[in-house]
Amino acid sequence: MSSVKYDDDKLAAYHTAYFNSGAVLYIPDNVEIAEPIEGIFYQDSDSDVPFNKHIMIIAGKNSKISYLERLESRGEGSAKATANITVEVIARSGAQVKFSAIDRLGENVTAYISRRGKLGNDASIDWAIGVMNEGNVVADFDSDLLGNGSHADLKVVALSSGRQVQGIDTRVTNYGCNSIGNILQHGVILEKATLTFNGIGHIIKGAKGADAQQESRVLMLSDQARSDANPILLIDENDVTAGHAASIGQVDPEDMYYLMSRGLDKATAERLVVRGFLGSVIVEIPVKEVRDEMIATIEEKLSKR
C-alpha cells in the first residue's frame, strides 16, 4: 500500500531506519467528513533529537476529506537539529482529498520533507503547500496518477530569506488514461537566499488522453539572491497534452515608483508587490483559513527584514 519505497534513495532509506514517530489517518469507504482535520507536529528548538516523522493518510473509495498539516518549531532554543519527514496520501478510487500544509521549521533545522500521493481511478488530491521554513530545506512533492481519470493539483508557495537555501522538486507522473496533473508554484527570495524550483511532468507510455501542465515563477528582491526555475516534461505517449511556463525576475521599478508616489515607504511597497505576486497562487487554495494563515506568515517574514 505504501507509495514510498525504502530503497528509493538514501534519504528514504534513512527515514525508514530512523523515523521516531508518526500518525495514521484512515477514512473508510463512502465517508465524507465535513469539518477539516488538523495535524500539528511541533519540533522543540531546545532539542537536537532528529525530527523524523511518518504520516500516512488513507482515503477509502468515494470518501471525501480536507486535511491541514502544520510542521512548526517551538521555543527560544538554538539547538541544531535535522528533520526527515515523509507524508503519504493514498486516495483510492473516487476519493477526494484536499491537503493543505504550512511548514514553519526554525532556522537551526535542516530538513528533508517528502509528500507523495498515490491516486486510484477518478481520485483527486488538491495540494496547497506553504514552504515558510527558516532553515535549509530540500522538499519533494510527488503525485502518482495511477488510475484512469485521476487528478492532482499542486500549488506551492515558497519564501526564502537570509542565507537560506531551499530546493523544491514538484513532480506529477501520469500513468492512467485521461489523468490530469497541474503544478503551480511561486516563490520569493530575500537577501542572500537561494531558491530552486524543479517542476517535472512525466506521462508514461499508454496514458492516452493525459494532461500535464506546470508553471514556476520566482520573484527576487535582492541582487544577491540566487534562483533557478527548471521546467521538465518527459512525454512517452503521443495522444496527450502538456505545457510549461517558467520565469525569474525582480520587482518592476515602475510598480515600486507608482506605489511610493502614493506615499508608501519602500518596505511597505515591497510587501504589497510580494503579496500580489504570491496572491495569484494563494487565491487558488480552497481553504480560507489556510489562505489567511499563509498571508500572515508572509507578512511576518517580510517584517523581519
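Helix α1 (residues 10–18) lies across β3, β5 (81–91) and β7 (109–119), running at about 95 degrees to β5. Contact here means heavy atoms within 4.5 Å; axes are lines fitted to C-alpha atoms, for helices over the stretch in contact, and angles run from 0 to 180 degrees between N-to-C directions. Helices (H or I, at least four residues) and strands (E, at least two) are DSSP runs, numbered from the N terminus. The model is predicted, so local features need pLDDT of at least 70 and side-chain atom pairs count only at pLDDT 80 or more, while totals for chains, interfaces and linings use all residues. Residues are numbered from 1 along each chain as its sequence is written, and side-chain values use heavy atoms, with hydrogens and water left out.

The sheet comes next. Eight strands make up an open sheet with parallel pairing, in the order β1-β3-β5-β7-β9-β11-β13-β15; two strands pair if DSSP finds at least two bridges between them. At the edges are β1 (21–27) and β15 (226–235), each of which pairs on one side only. On average, neighbouring strands of this sheet are turned by 5 degrees against each other, direction ignored.

Several of these pairings can be followed residue by residue. Strands β7 and β9 are joined in the parallel sense over nine bridges, and Ala 111 has Val 137 in β9 as its bridge partner. Nine bridges also link β9 and β11 in the parallel sense; here Ser 143 is partnered by Val 172 in β11. Strand β11 (residues 165–174) then pairs with β13 (residues 194–203), again in the parallel sense, over ten bridges, with Gln 166 standing opposite Leu 195 in β13. How enclosed is strand β9 (residues 137–145) by the rest of the structure? Eight of its nine residues are buried, so the strand is largely enclosed. Buried means under 20% relative accessible area, exposed over 50%, and partly exposed in between (1.4 Å probe, protein chains only).

The structure holds three aromatic pairs; rings of Phe, Tyr and Trp (its six-membered ring) pair if their centres lie within 6.5 Å, and planes under 30 degrees apart count as stacked, over 60 as edge-to-face and the rest as tilted. One of the pairs, Tyr 67 with Phe 99, is tilted, at 5.2 Å centre to centre and 40 degrees between the planes. This pair links distant parts of the chain, as Tyr 67 sits in strand β4 and Phe 99 in strand β6 (residues 96–104), 32 residues apart. Phe 99 also forms a tilted pair with Trp 127, at 5.0 Å centre to centre and 55 degrees between the planes. Because Phe 99 lies in β6 and Trp 127 in strand β8 (residues 124–131), this pair ties together parts that are 28 residues apart in sequence. Tyr 67 and Phe 99 are both buried, with Phe 99 at 0% relative accessibility, and Trp 127 counts as buried at 1%.

Some polar residues are buried as well. Gln 43, in strand β2 (residues 37–44), has a relative accessible area of 2% and is therefore buried. Its side chain is joined to that of Ser 73 by a polar contact of 2.7 Å; a polar contact is a pair of N or O atoms within 3.5 Å, where within protein one must be able to donate a hydrogen and the other to accept it, and residues adjacent in sequence count only if both atoms are side-chain atoms. Leaving aside neighbours within four places in sequence, residues in contact with Gln 43 include Phe 51, Glu 72, Leu 105 and Val 109.

Ser 63 lies in the loop between β3 (51–59) and β4 (64–74) and is buried, with a relative accessible area of 1%. Among the residues in contact with Ser 63, beyond those within four places in sequence, are Ile 27, Pro 28, Gly 94 and Gln 96. Ser 161 is found in another loop, between β10 (151–160) and β11, and counts as buried at 14% relative accessibility. Not counting residues up to four places away in sequence, Ser 161 touches Glu 134, Leu 190, Glu 191, Ala 193 and Lys 301.

Helix α2 (residues 253–261) is capped at its N-terminal end by Asp 252, with a side-chain oxygen 2.9 Å from the backbone nitrogen of Glu 254. Gly 263 follows α2 and has a positive phi, near 100 degrees.
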